[in-house]
Amino acid sequence: MNRTAKQTQRLTTSAVMLALAMVLAMVCALIPFLNLPFGGGFTVASMLPIVIISYMYGMKWGFFSAAIYSVIQIVMDLYLGKGSTLIALFMPNSEDYMGLGAAIAILIIDYLVAYTLLGFGGAFRKVIKNKTLALALGVVLALSLRYLAHIVSGYIFYGAWAEWFFSQDNFYAIGGWILEKFSGNTLALIYSIFYNGLYMIPEIVITTVAALIVGRLPVIKKADAE
């Protein structure tokens, strides 16, 4: 296959993967119990197609595709109404308003940075001989880094909600213990890890399992990263 044909194939495959990721995310966004009330929600392996792009065509192209997906995610959330919280961050008369600087920082960390980190999905492509395992580990790394981005954002901007969150009836057993043992910045950090873990940990597990299945497909196993 000549260079032009390879580039065309890469563009076509990436476009299909981006579209698939968008469809999976949209379907899951319409299922209420998959989404948390204050932002975030887990999907059925919607990020796997983005990881696969990085796995098949290398991390440089993977980061580029993931960055595009981060913008798509913003637009999609706004279109589906999930972005009401995001919009509120920029409205001075809203209870969620923390200032323009904070709003921009949240947008950058929770969307542009968090989703662009999915480009790390191809990190193990040339390191591990078992290609299915390489894809699965790429998923764990990429999604864990996304989780970390959300933890940072939650700790900085939403830590003030920690005491209220852990005092809710749903978390009475563990919440009471946490409130007794921790306070201040430590409590804020635990809150961010806990809250974001509610959707990111299931997301990591589901997507890793999906990667172990999809990674056995010949088209994935024979992919040559560039």
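Is T208 buried or exposed? Keep that in mind while you set up. This is a predicted model, where local features need pLDDT of at least 70, side-chain atom pairs count only at pLDDT 80 or more, and totals for chains, interfaces and linings use all residues. Residues are numbered from 1 along each chain as its sequence is written, and side-chain values use heavy atoms, with hydrogens and water left out.

**Stop 1: T208.** Select T208, in helix α9 (residues 184-214). Helices (H or I, at least four residues) and strands (E, at least two) are DSSP runs, numbered from the N terminus. T208 is buried, because its relative accessibility is 16%. Buried means under 20% relative accessible area, exposed over 50%, partly exposed in between (1.4 Å probe, protein chains only). Now show the contacts of T208 (heavy atoms within 4.5 Å). Beyond its neighbours within four places in sequence, T208 touches A136, V139 and V140.

**Stop 2: L18.** Move to helix α1 (residues 3-29) and pick L18. L18 has 12% relative accessibility, so it counts as buried. Leaving out neighbours within four places in sequence, its contacts are I50, I53, S65, I68 and Y69. Check S65: it sits 47 residues from L18 along the chain, yet their C-alpha atoms are separated by 7.8 Å.

**Stop 3: helix α2.** Select residues 48-57. How many residues of α2 are buried? The count is 10 of the 10, so the helix is largely enclosed by the rest of the structure. Among them are L48, P49, I50 and I53. Step past the end of α2 to G58, where phi is positive, near 95°.
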